[in-house]
Amino acid sequence: MDADSLLLSLELASGSGQGLSPDRRASLLTSLMLVKRDYRYDRVLFWGRILGLVADYYIAQGLSEDQLAPRKTLYSLNCTEWSLLPPATEEMVAQSSVVKGRFMGDPSYEYEHTELQKVNEGEKVFEEEIVIDKAVAIIPRGALFKTPFGPTHVNRTFEGLSLSEAKKLSSYFHFREPVELKNKTLLEKADLDPSLDFMDSLEHDIPKGSWSIQMERGNALVVLRSLLWPGLTFYHAPRTKHYGYIYVGTGEKNMDLPFML
């Protein structure tokens, strides 16, 4: 969710129980504005909260003018002081992938694995955030547009999805570089608008049925929830510019979902 409209965004997402205490909201509102200014980001998103056994990690992302450029990730334990996480190397990702279970909530905590060296929890936070982000970061169709020269920008003319379009999974995209789109044939791409349909749609996600889509507040709000990553909530108020997503969970994937559908 965009830090510029944080309070409204938290209110829209509150139906899923993803709320924060008043003091946490106030701290986030102030500190994220400072992060945006000090790091000179085009936009700052409050990504969510990873629940730890001792403390929780609050995650934010900094975006450049090109919205699909690699995002910078920051974490905080108190919503006031933010630390920039370094880009994950292949070695860090490989080491973190063997670590299972809950986060402790201590960046200096070291996990041990018999086949690998100790893994610092700070590295695990970044790797886990990247995995979840690629799976569940969502935007509605039309919120971004791609120029003929490549960069992707915020669509200032976006006025929201219509009520009928808001009820379709095909109206929502993964907020990342496309993967499945590159495998489509020219015939399948014939009806796509290259300036708007340049990311992967949620309707083709596997396993099928991994998204729940519901209308709330008398059809004034559409809410998508991930069944594969419990704790992820996306919201959009049709015919308005208000949309966003937030993750509040343990960082654990629901591996049993294919057997539950």
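Okay, let's start in the sheet: β12 and β13 run antiparallel and are joined by four bridges. Strands here are DSSP E runs of at least two residues, helices are H or I runs of at least four, and both are numbered from the N terminus. Two strands count as paired if DSSP finds at least two bridges between them.

Quick housekeeping. This is a predicted model, where local features need pLDDT of at least 70 and side-chain atom pairs count only at pLDDT 80 or more, while totals for chains, interfaces and linings use all residues. Residues are numbered from 1 along each chain as its sequence is written, and side-chain values use heavy atoms, with hydrogens and water left out.

Back to β12, residues 221–226. Is this strand enclosed or open? It's largely enclosed by the rest of the structure, because six of its six residues are buried. Buried means under 20% relative accessible area, exposed means over 50%, and partly exposed is in between, using a 1.4 Å probe and protein chains only. In a regular strand, side chains alternate between the two faces of the sheet. In β12 both faces are covered: Leu221, Val223 and Arg225 are buried on one side, and Val222, Leu224 and Ser226 are buried on the other.

On to β11, which pairs with β12 in the antiparallel sense over six bridges. Ser212 sits opposite Arg225 in β12. These two strands also make a hairpin, with four residues between them, and Arg217 in the turn has a positive phi of about 55 degrees.

Now zoom out. The open sheet has eight strands, in the order β4-β3-β2-β1-β14-β13-β12-β11, with mixed pairing. The edges are β4 (83–84) and β11, each pairing on one side only. Helix α2, residues 22–39, packs on the sheet and touches β1, β2, β3 and β4, with its direction about 135 degrees from that of β1. Those angles run from 0 to 180 degrees between N-to-C directions, with axes as lines fitted to C-alpha atoms, for helices over the stretch in contact. Touching, or contact, means heavy atoms within 4.5 Å. Elsewhere in the sheet, β13 (232–236) and β14 (243–249) pair antiparallel over five bridges, and Thr233 has Ile246 in β14 as its bridge partner.

Next, salt bridges. How many does the structure hold? Eleven, where a salt bridge is a side-chain nitrogen of Lys or Arg within 4 Å of a carboxyl oxygen of Asp or Glu. One of them joins the side chains of Arg43 and Asp2, at 3.3 Å from N to O. Arg43 is in strand β1 and Asp2 is in the segment before α1 (6–12), so this pair ties together parts 41 residues apart in sequence. Arg43 is buried at 13% relative accessible area, and Asp2 counts as buried at 16%.

Then there's Lys36 with Asp4, at 3.1 Å from N to O. Lys36 lies in helix α2 and Asp4 in the segment before α1, so that link spans 32 residues of sequence. Lys36 is partly exposed at 23%, and Asp4 is partly exposed at 49%.

The last pair I'll show is Asp133 with Arg71, closest N and O atoms 2.8 Å apart. Asp133 is in helix α4 (121–136) and Arg71 in the loop between β2 and β3, so they tie together parts 62 residues apart in sequence. Both Asp133 and Arg71 are buried.

Now the inside. The largest nonpolar core has 38 residues, and Tyr172, Phe175 and Tyr245 have the most contacts inside it. A nonpolar core here is a set of buried Ala, Val, Leu, Ile, Met, Phe, Trp, Tyr and Cys residues joined through side-chain atoms within 4.5 Å. Apart from it lies another core, of 24 residues, including Leu20, Val35, Leu74 and Cys79.

Last stop: Asp200, in the loop between α6 (186–189) and β11 (211–216). Asp200 counts as buried, at 5% relative accessibility. What does its side chain make a polar contact with? The side chain of Arg176, at 3.0 Å. A polar contact is a pair of N or O atoms within 3.5 Å; within protein, one must be able to donate a hydrogen and the other to accept it, and residues adjacent in sequence count only if both atoms are side-chain atoms. The backbone nitrogen of Val179 is also 2.6 Å from a polar atom of the Asp200 side chain.
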